[in-house]
Structures are given as C-alpha cells and as structure tokens.
Amino acid sequence: ALLVLLTRGQSRKNSRENSKENKRVLWISTVLFFTSTYPRGRKLLSKNRWLIPSLLNMMRSGCDDLVQIQYNCASALCNAVSAVLSKNDILAMVDEGVIQDLGIISVLRTNSIATKQVMSKALFNLLAREETREDLVKAQLAQAMVRLTKEDNKELSILCVQMTLNLSSEIDRYAKYLVEMQIHRVLVGLSRSTAGGAEFKRLAGNALANMSVHDDFAKPMAELTQDDERERDRAAKIIPGLLAISGVNEEQSTQDCAFVLQNLTRHEHCRRNLAQDDVIELTVKLAKTGNLTTAQMCAATLCYMSTVKGAYADIVQFAIPTLVLTMKNPSLQLVPRMDAARAVANLVVFYPPSREVCLAGGITTAVNVLLKSTREESDMVCLAKILRDLSRANEAPFKMLQEHAILSLVKLAHLEDAQLKHDVSTTICNLATCKFATDIVQERPLTEPYLAAHLAVCS
C-alpha cells in the first residue's frame, strides 16, 4: 500500500527535471514487478483498488528509463490481474475511465514490443473473467487487443485470436461487438500474413466457424470477396483466408473451414458473391482431405452453390468426381448423398454443357447405387430428372445403357408420381434412339414399366 501511495504522489512532479525521481519510479516499478511474481504478492496487489491507476501513472511518467519502467509496470499489472479482482473494483474503474486508459496506453503509449506483449496478456486476463467481460468489451478493451495485431507479432496475434475465440463461444451475446470490430477481416488477413502461424490458423478457423453461425456475420464475411482499394482488405478475402487456414492440414481446421462455407452458402446473397471466388475449388479440396463430417458439409455447400448460375462452370470443371464419390459412398448418411444428387440435378437441368461431363464422370452408375438406398419419393423424383436430362446428351443413350440405367428406370416407373413417370418415359424414348438399344435392353423387363409410365401420363 505504501508503494502505491508513493506512485500516486510521483505523478505530480516533473520526472525529467529530477534524476532521483527517475530512479525512485524505476525502483518502485521493479519492486512491484518482483512482488507480483509471488502468489502471496499477487493476491495482495490484486486486492488494492489503486494499483492499476498507479501503474498507469508510472507508465505515463516520461522518465528517462521509461522503457524499463513500462515493462516492469506491465508485468506487475499482468500478474496482478491474473488473480481474482473485485467485481466492484473493475466496474468502478470502467466508470472512472481507467480501463479505457489502459487500452489507450497499451496501443499508443508503449513503445517496446515486449511491453506490448505483456500488456496484451494483462488485457486477456481481464477479459477472461466472465462476469465483467461484457462491461470490458463495451469499454473497448477487446478493440485494444485487436489494434495491437497491427504490430505483425505472432504472440500478439495469438492472444487476440484466443480472446476472439472466447467471445465467439457466446456469439449471440457478443456478435454486435465483433461485427463492429470487423474481427473477421483481422483474422482472415492475419491468417495470410507472416504473423499467422499454424497455431493462429487453428484458433482462427475455430473462431470463424463460431461466428459464421450468426446471421449478422453472413453478409460481411461474404463481402470480403469483393475488390477493395485498401491493401489490408484485399488480403482479407474469405476464400483465400480459409485456404490458408486449411493449409494446416489438420482434421479440425479442415472441418472448421467446411463449416464456415456451409453456413455462408445458406444465404442467397452470399452465394452470389462467393461464386466470384474459388469457393468450388476450395470445397472440393476440403472434401478430399477431410473426414466424413467434412464431406457432408462440402456436399451441402456444393448443393447450395449449384443454385447460382455463376458457379455452374466451376462445379463442372472441379466438382463432378467429388459429387460422384459422395453419391456412391455408403459410409455417408443419405442426406449428404442426396445433396450431391441435387447439385447434379441442378447442373444437368439448367446447364446443358454439364451433361457430357457428368456422363463421362459416371453419374449414371452413381444414380444406380444411390437409388438402392433411397426410400423417399421426392428423392426418387430428383434422380429421375437426372436420368431424363442426362439422356439428352449426344453420346448418352449408349453410355447410359452400358451402365445399366434401365435397372433404375424399371424401379422408378413403378412409383405413383405422374411427373416422375413422365420423366421415366422421356428417358426411355431418348435411350431408344441408340442403334444398339435393342440388343442391350432386350434382356431387361422394359415393356411393363414403359407401358405403365405411358398409361399413367395418358390418364
């Protein structure tokens, strides 16, 4: 308490005019620093209401040994706030502007990177307390940690992303503050910079996954794909950022990236923006390197993106083999397999150039395999449309007959849906144009479903 009283008194003097004053402040800061390194000392310091204001006064003192004084005070502050502070004391410091002053000094008044690192740890310790966290965020303490990342220092970046991860775990509560900070831009930009190592990317992927769940983040995250004149924003495009995060090549990071894409593509305006970037290529990469959960999310992403005309060409160029494997994979649940089928249906129905590629990629066989697991009539209607429009391709009749499309048509023709029967009959008519059709289908029970389909349509 005596040391604290001494530091409160020194702020009234001009430290530059008195070398003894410089030494006094340096000694006091050193004593407080070493005192805070012991558990009992930390506990005693944390109970003193005037510790933080006094330390901040010394950090602003302007002494000749300011760099060392600031480091000592920052270390004492960090150690003291790691102990249990009184909630009332913290709220009182917020009301008095002490906490705001702490953020300003951390960003603007400290010169040494080592001191900034210690101050960032102190801010992190303060924000770690749940019962006062929201008050401290309102006092812009979290914003101060974000501003410290401009130093391009790995330790500062790690502390910032850890703080962000804590806030994003309660995204409904802190979403508006995180959006105001544009924290997604910071995380994505740092993931692509030298300050973003493997550990940072792991944490950033987790935080972005948490934030992507909230609708308030959907639009700003997708807007990152647009061109921006500012270099920092150009480095913060969401797709290249996720590509950098997935480069960690760890299961959880890959899954986080796939989760972000799935959440963003649920929104129509996001899909249009993402289609202008390499979202399809990234999704395929994640599906190939991830686990089954990642494959499910990638299938949903491709299904969403297949509703955007601007994404058709990229899906055809990069995603057809992935869609085929997903449809045929018995280890996956039926929902992601049907997501892949719906993506294919959107392509072959609305983008005719895709039919030849789908045909060559083995879509017919994939439909045959998937149909064995399908029970819902709505799913079968989707598969019937794939076969119908696929049969319109130039080389389709012979290729589809070779891959035993007749077996699927026989099963589909027995259903009651009139539109489905019409699609089956259209497919059979198209297949009948093949000059080898008679030899291929004569051993198949074609006559019954063909007549049944026509009778249903005619009636």
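Does S408 count as buried or exposed, and at what relative accessibility? At 3% relative accessibility, S408 counts as buried (under 20% relative accessible area; 1.4 Å probe, protein chains only). The model is predicted, with local features requiring pLDDT of at least 70 and side-chain atom pairs pLDDT 80 or more, while totals for chains, interfaces and linings use all residues. Residues are numbered from 1 along each chain as its sequence is written, and side-chain values use heavy atoms, without hydrogens and water.

**Helix α28 and its residue S408**

- S408 is found in α28, a helix being a DSSP run of H or I with at least four residues, numbered from the N terminus.
- Not counting residues up to four places away in sequence, S408 touches V367, N368, L371 and L387 (contact: heavy atoms within 4.5 Å).

**Packing of α28 with α29**

- The axes of α28 (residues 405-413) and α29 (residues 418-431), fitted to C-alpha atoms over the stretch in contact, come within 9 Å and cross at roughly 150° on a scale from 0 to 180 degrees between N-to-C directions.
- The two helices α28 and α29 are therefore roughly antiparallel to each other (over 145 degrees).
- I406, L409, L412 and A413 of α28 meet L420, K421, V424, T427, I428 and L431 of α29.

**Helix α22**

- In α22 (residues 312-328), a kink of about 70° lies at A319, shortly before the proline P321; the bend is the angle between axes fitted to the seven residues ending there and the seven starting there.
- Buried residues of α22 include Y312, A319 and M327.
- The buried residues of α22 pack against α20 (279-289), α21 (292-305), α23 (334-350), α24 (354-360) and α25 (363-371).

Note on methods: Angles under 35 degrees count as roughly parallel, over 145 as roughly antiparallel, 65 to 115 as roughly perpendicular and the rest as oblique. Buried means under 20% relative accessible area, exposed over 50%, partly exposed in between (1.4 Å probe, protein chains only).
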